[in-house]
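Take a look at the model below. The paragraphs after it lead through a few of its regions, one at a time.

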Amino acid sequence: MTLLEFFQAPRFRTFRAVLFTALGSWGFAPALHGLVLYGRDEPAMRQAFAHYATMGALYVIGAATFAARIPERWAPGKFDIWGHSHQLFLLLLTRLLLED
């Protein structure tokens with residue numbers, strides 16, 4: 001759905017950001033499952049949960065930046081090539097993938 005041309009229109013930017021946030025939030029399912037199976041006192045589970053929480057936070061920050069069109073909203077025309085919201089979203093997503 002995120003790749004359908006119909007949803008690439010600017011009016012669906014918020015919808016796409018919410019959809020990307022929902023997709024990124026699915027990473028918490030294995031973390032919660034691990035907590036149920038092994039409990040929170042297991043050291044490996046605490047470390048894994050911290051990684052999942054970091055992953056989710058980066059994804060949500062990236063999607064919110066993309067939806068709010070930060071920083072190009074604050075300085076129109078200055079971030080047309082470098083530093084626009086989609087690049088920041090991808091940078092946070094890349095950081096997320098490198099962490100795993």
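Predicted model: local features only at pLDDT ≥ 70, side-chain atom pairs only at ≥ 80, totals over all residues.

Residues are numbered from 1 along each chain as its sequence is written, and side-chain values use heavy atoms, with hydrogens and water left out.

Start with methionine 1. Methionine 1 sits in the segment before helix H1 (13–25). Helices here are DSSP runs of H or I with at least four residues, strands are runs of E with at least two, and both are numbered from the N terminus. Methionine 1 has a relative accessible area of 53%, so it is exposed. The classes are as follows: buried is under 20% relative accessible area, exposed is over 50%, and partly exposed is in between, with a 1.4 Å probe and protein chains only.

Met1 also belongs to a nonpolar surface patch, together with Leu4, Phe6 and Phe15. The patch covers about 420 Å². Patch residues have over 30% relative accessible area and no salt bridge; nonpolar side chains (Val, Leu, Ile, Met, Phe, Trp, Tyr) are joined within 5 Å, like charges within 9 Å. A salt bridge is a side-chain nitrogen of Lys or Arg within 4 Å of a carboxyl oxygen of Asp or Glu. Areas come from the Shrake-Rupley method with a 1.4 Å probe, and for residues only the protein chains shown count as cover.

Now the rings. The structure holds four aromatic pairs. One of them joins phenylalanine 6 and phenylalanine 7, edge-to-face, at 5.2 Å centre to centre and 80° between the planes. Rings of Phe, Tyr and Trp (its six-membered ring) pair if their centres lie within 6.5 Å; planes under 30 degrees apart are stacked, over 60 edge-to-face, and the rest tilted. Phenylalanine 6 is exposed at 52%, whereas phenylalanine 7 is buried at 13%. Phenylalanine 7 also pairs edge-to-face with phenylalanine 12, at 5.1 Å and 75°. Phenylalanine 12 has 17% relative accessibility, so it counts as buried. Phe6, Phe7, Phe12 and Phe15 form one aromatic cluster.

Move on to helix H3, residues 43–68. How far does H3 reach from its first C-alpha to its last? The 26 residues of H3 reach 37 Å, close to the 38 Å expected at 1.5 Å a residue. That expected span is 1.5 Å times one less than the number of residues. Buried residues in H3 include Met55, Leu58, Tyr59 and Phe66.

With a relative accessible area of 8%, methionine 45 is buried. Leaving aside neighbours within four places in sequence, methionine 45 is in contact (heavy atoms within 4.5 Å) with Ala31, Gly34, Leu35, Tyr38 and Gly39. Its C-alpha is 8.0 Å from that of alanine 31, 14 residues apart along the chain.

Alanine 50, also in H3, is partly exposed at 41%.

Arginine 69 lies in the loop between H3 and H4. Its phi is near 55°, a positive value in a residue other than glycine. Arginine 69 is partly exposed, at 36%. Proline 71 is in the loop between H3 and helix H4 (85–99). The peptide bond from isoleucine 70 to proline 71 is cis, with omega near 10°.
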